[in-house]
Amino acid sequence: MITARGLNKRYGEKLAVDDLSFEVRPGTVTGFLGPNGAGKSTTMRLMLGLDRGSGETLFDGRRFGTIKHPMREIGAVLEAKAFHPTRTARNHLRMLAAGSGIPASRADEVLEFVGLSDVKRKQPKGFSLGMAQRLGLAQALLGDPGTLILDEPANGLDPHGIHWLRDVLRSLAAEDRTIFVSSHLLSEMSLMADQLVVIGRGKMIYNGDVDGFVRKFTQTSVLVRTPQAEQLADALRGVDRVTVDALGDGALRVGGADPAAIGEVAYHAGVMLHELTPQTASLEAAFITATGASEEYVAHEPTGASPPSGPPAAGHGTYGGVA
Ligand SMILES: Nc1ncnc2c1ncn2[C@@H]1O[C@H](COP(=O)(O)OP(=O)(O)OP(=O)(O)O)[C@@H](O)[C@H]1O
């Protein structure tokens, strides 16, 4: 169990982490989500005592700095490619193992586990980002820790690699480990996480399960098709808190009422229905609603002509930062 209380970090005038408190429970994958620059990496560094700030993080009741062999309890990867460039992957892990009283044979085990056996005698400087991420995970797992803290571990992995990572994290969580993993991408988090801690501009936006996040930040709607669209729209607009958008061709998008309520209104108005379909809100939509106002870096639409070359500038709601 990780317990973070009142974490704060200021860079000059800027409050990068603003009074964050949360818990990460064992047996679950907890996703740490936020747009670029939200403060995820800074929070993780604070948790591990690698950055000065205020607040406290306890790992099963103890601060990181008081744990005798941290590698055996907490596996952390905060930066991909943080390896000695010329030492082989295997030697890199064997050296770390020796420093923590872990048998050297464990290096080969974890390299096999992350799929790097074939390149274990190679130097990480030639590794792709995806391979470096796998080596980072191998390093984190070296001491068979009960807690994992991973900053953007899916960054650089191909779709196959992301599915592999999801399966790995889920199976580690199923062994009752505590897994805290950051990403700025909803698509990844929705695959991997059971629980979410969502931040924007250093502040807590949401802390709870993935479904609850979608429910809280999206307004679910119902698609209705009827040959009497105008008549039904009039009847529905008379109901408190119901919103109706006419989509054309006899289709309406209705918010604020479930299919049963819409069916009843239609029945009483003498309207025949051809379709009544709840629209499931995506995690992506929830993320944009939740963090839209707190995005740190937003590319703006060009005001004049399009740039002479390259892709068009991204609009609000994309999180490809322009740091
Ligand atoms: N060493 C530093 N000096 C000054 N400001 C910093 C420093 N490190 C981070 N920041 C600022 O603190 C804020 C949080 O940065 P952080 O890297 O923690 O965000 P993040 O959520 O990890 O972003 P990303 O998803 O882009 O990695 C940002 O506005 C960033 O510019």
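**Ligand shell, sheets and helices in question and reply**

Me: Which element supplies the largest share of the shell around the ligand?
Reply: Helix 1 (residues 40-47) supplies it, with three residues. Helices here are DSSP runs of H or I with at least four residues, strands are runs of E with at least two, and both are numbered from the N terminus. Residues are numbered from 1 along each chain as its sequence is written. The model is predicted: local features need pLDDT of at least 70, side-chain atom pairs count only at pLDDT 80 or more, and totals for chains, interfaces and linings use all residues.

Me: Which residues around the ligand come nearest?
Reply: Ala-16, Asn-36, Lys-40, Ser-41 and Thr-42, out of 13 residues around the ligand. A residue is near a molecule or strand if its C-beta atom, placed from the backbone, lies within 6 Å of it.

Me: How many residues of the shell around the ligand are nonpolar, polar and charged?
Reply: Three are nonpolar, eight polar and two charged. In this division Ala, Val, Leu, Ile, Met, Phe, Trp, Tyr, Cys and Pro count as nonpolar, Asp, Glu, Lys and Arg as charged, and the others, Gly among them, as polar.

Me: What makes Glu-152 count as buried?
Reply: A residue is buried if 20 or more other C-beta atoms, placed from the backbone, lie within 10 Å of its own, exposed if 12 or fewer do, and partly exposed in between. Glu-152 has 21 C-beta neighbours inside 10 Å, so it counts as buried. Its place is in the loop between strand 6 (147-150) and helix 6 (159-174).

Me: Leaving aside its neighbours within four places in sequence, which residues is Glu-152 in contact with?
Reply: Ser-182 and Ser-183. Contact requires that the C-beta atoms of the two residues, placed from the backbone, lie within 7 Å.

Me: How many residues in the protein chain are there, and what percentage is buried?
Reply: The protein chain has 323 residues, and 38% of them are buried. The chain holds eleven helices and 13 strands. Among its contacts between residues at least 6 apart in sequence, 68% join residues at least 24 apart.

Me: Why are the buried residues of helix 8 placed on the same side?
Reply: The buried residues of helix 8 (residues 210-217) are Val-210, Phe-213, Val-214 and Phe-217. They cover an arc of only 95° around the axis, which puts them on the same side of helix 8. The arc is that of the directions from the helix axis to the C-beta atoms. In general, an α-helix has 3.6 residues a turn, so residues three or four places apart point the same way.

Me: What covers the buried residues of helix 3?
Reply: The cover includes helix 4 (105-113) and helix 5 (129-141). The buried residues of helix 3 (residues 89-99) are Ala-89, His-92, Leu-93, Arg-94 and Ala-97. Just after helix 3, Gly-101 takes a positive phi of about 65°.

Me: In what order do the strands of the four-stranded open sheet stand, and what is the pairing?
Reply: The order is 11-12-10-13, and the pairing is antiparallel. Strand 11 (243-248) and strand 13 (275-279) stand at the edges, each with a single partner strand, so one side of each has no neighbour in the sheet. The twist averages 20° from one strand to the next. Such angles run from 0 to 180 degrees between N-to-C directions of axes, which are lines fitted to C-alpha atoms, for helices over the stretch in contact.

Me: How many bridges join strand 10 to strand 12?
Reply: Five bridges join them. Two strands pair if DSSP finds at least two bridges between them, so five bridges meet that cut-off. Val-224 stands opposite Leu-252 in strand 12. Strand 10 (residues 221-225) is also joined to strand 13 by five bridges, and Ser-221 has Gln-279 as its partner there.

Me: Which residues form the covered face of strand 12, and which the uncovered one?
Reply: Leu-252 and Val-254 form the covered face, whereas Ala-251, Arg-253 and Gly-255 form the uncovered one. Helix 9 (residues 229-237) lies across strands 10, 11 and 12, at about 165° to strand 11. Helix 10 (residues 259-268) lies across strands 10, 12 and 13, at about 150° to strand 13.
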